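Have the picture open while you read.

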Amino acid sequence: MWDWEFAFYVMPDILKAIRVTIAATLAGFALALAVGLALALLRRSAFKPLSLATIGFIEFVRSTPLLIQLFFIFYALPLSTGISFSAFQAGTIGLGFHYGTYLSEVYRSGIDAIPRGQWEAATALNFSRLRTWTKIILPQAIPPTVPVMGNYLIAMFKETPLLSAITLVEMLQTAKIIGSDCYRYLEPFTLVGIFFLLLSYPASVLVKRLEFQLKQQ
Amino acid sequence: MGMPSKVEIETETDSMTDEPIVRYRKVAKNFGELQVLKKVDLDIAPGEKIAVIGPSGSGKTTLARLLMTLERPSSGTIEIDGELLWHEKVNGKLVPAGEKHLQHHRGKIGMVFQQFNLFPHMTVLRNVAEAPIQVLGLSQKEAQKRAKQMLAKVGLADKLDAFPSQLSGGQQQRVAIARALVMRPKVMLFDEVTSALDPELVGEVLTVIKEIAAEGEMTMLLVTHEMDFAREVADRIIFIDDGKIVEQGTPKALFKHPRNPRTRSFLSRFRNNNWKDS
Ligand SMILES: Nc1ncnc2c1ncn2[C@@H]1O[C@H](COP(=O)(O)OP(=O)(O)O)[C@@H](O)[C@H]1O
Ligand SMILES: [Mg+2]
């Protein structure tokens, strides 16, 4: 049965591991934002082979499980290429590229929603390609996508326990270690679940509110 | 010895002002099977005001968009200021122009669109000042000074901090005019700039354009359905039908004595207006 004393006893360790979970989420998401934008832009390239290769890459990454990608980066890459990453780095790269392919679609929908007239006005004013993107298109394309991006951030956060499979000592891994040390799993796993809930529920409320505010505009 | 004096250079450029500033030569444009411009020839003199009229779908917008480099001609050439717009010489051979060449010549041309196309995420002031900063490389201060002058000219000095969504259509279109003018183009294209406006807002926009026209130097190509406005502002009227310039002439000649039956039939739809009387 539930043991309060044990729960309080293990809580500090799990709370400490929250920092790893959050750090991995933020690092992975930052990379996903960059990768997503790069993929969205490459996909629009007028150079067909590049655009097709990008689409191929996106489809490939999206149709294979994140876990396999993590194993590949963490275990297979060092043996076959000699490039090796720490568990945290491998986790960040895995999350970043996997979610980057999803975010590229979000960017794409935002960019596609910009009326043609905006591009034409930028051309008529002789904006360079780069400035058209940075001053005209992206500042309009990105704000409406923020709620969707936020939902992906929350989804990614909830997937970080996968990183325990590549030895990252995040919350779940910590709970597992405690469990096997003390032969009690109920409290540590429950606490991990509660902490995920405590972070992701307010975040999703925030996203809903953002979404509402955007609709009002 | 040898070096011409500054005065001589100026004399030379003066003597060249009779050269057309824009020259369309056998310009055709196809969209797939559809040929929307058919070997159009058109010379525009510096400072000339040309009104382009014609039925909807006849190719008027396309004519302007080709000069603004928004659409590439299928064949033929366009010259701006004596230089080819859509072609460049590489190793003595004419090839389709690259982005750099286009960027170099595009600065001479400005355009105002039917749908305004203001940047909704920027204030009125930034809408006008952004291109001078980003494209001409002016300092923020200098760009804003220029932008404020232009906005005063179109009667919007009190709207600097408003966003486009807070303005009426007429005000938005005047911002768009200021935004194009602030770049100091040599040629301004106006594509049915009042067609999207409520009737009561048309006047304020046409007034602003008439004022710019009255200053004289700006070369203008005005696609319009406003026949009174065309007659008042234009040196020459061009009637386009089915991708061809069917007839052209002074407003007086074209409106009072149209020779081509298609011109006559088109103009008869505007009979209610009082253009015939004056
Ligand atoms: N991007 C395009 N793709 C296909 N057809 C087009 C395109 N732009 C214009 N057209 C067609 O070309 C013809 C001329 O269009 P346009 O120049 O806009 O005429 P106007 O301005 O005189 O009404 C129309 O039939 C129009 O449907
Ligand atoms: Mg048109």
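A salt bridge here is a side-chain nitrogen of Lys or Arg within 4 Å of a carboxyl oxygen of Asp or Glu. Keep in mind that this is a predicted model. By that rule, there are 2 salt bridges between chain B and chain A. One of them joins B:Arg65 to A:Glu120, with 2.8 Å between the closest N and O atoms.

**Where the chains meet**

On the chain B side, the elements that give two or more residues to it are α3 (99-106), β8 (109-112), α4 (124-134) and α6 (169-181). Sort that side by class and you get 13 nonpolar, 6 polar and 5 charged residues.

How many residues of each chain are in contact? On chain B there are 24, and they touch 18 residues of chain A. The size of an interface is often given as the accessible area lost when the parts come together. Chain B and chain A bury about 1800 Å² between them, and 59% of that is on carbon and sulfur atoms. B:Phe119, B:His121 and B:Gln134 supply 29% of the area that chain B buries against chain A, more than any other three residues.

**Two helices to look at**

B:Arg65, the salt-bridge residue, sits among the buried residues of α2(B). In that helix, 7 of the 8 residues (60-67) are buried, so the rest of the structure largely encloses it.

Over in chain A, helix α3 (residues 66-81) bends by about 35 degrees at A:Phe72. Its buried residues include A:Leu70, A:Ile73 and A:Leu77. Among the elements covering the buried residues of α3(A) are α2 (48-62), α4 (87-112) and α7 (146-159) of chain A.

**A threonine in a loop**

Last stop: A:Thr145, in the loop between α6 (129-141) and α7 of chain A. Is A:Thr145 buried or exposed? Its relative accessibility is 4%, and buried means under 20%, so A:Thr145 counts as buried. A polar atom of its side chain lies 2.6 Å from the backbone oxygen of A:Ile142. Setting aside neighbours within four places in sequence, A:Thr145 is in contact with A:Val106 and A:Gly110.

Key: Residues numbered from 1 in each chain as written. Chains lettered and ligands numbered in written order. Predicted model: local features only at pLDDT ≥ 70, side-chain atom pairs only at ≥ 80, totals over all residues. Heavy atoms only, no water. Contact = heavy atoms within 4.5 Å. Buried area = accessible area lost by both parts, 1.4 Å probe. Helix = DSSP H or I, 4+ residues; strand = E, 2+ residues; numbered from the N terminus. Nonpolar A, V, L, I, M, F, W, Y, C, P; charged D, E, K, R; others polar. Bend = angle between axes of the 7 residues up to and from the residue. Buried < 20%, exposed > 50% of the residue type's maximum accessible area, 1.4 Å probe, protein only. Polar contact = N/O pair within 3.5 Å; in protein donor to acceptor, adjacent residues only side chain to side chain.
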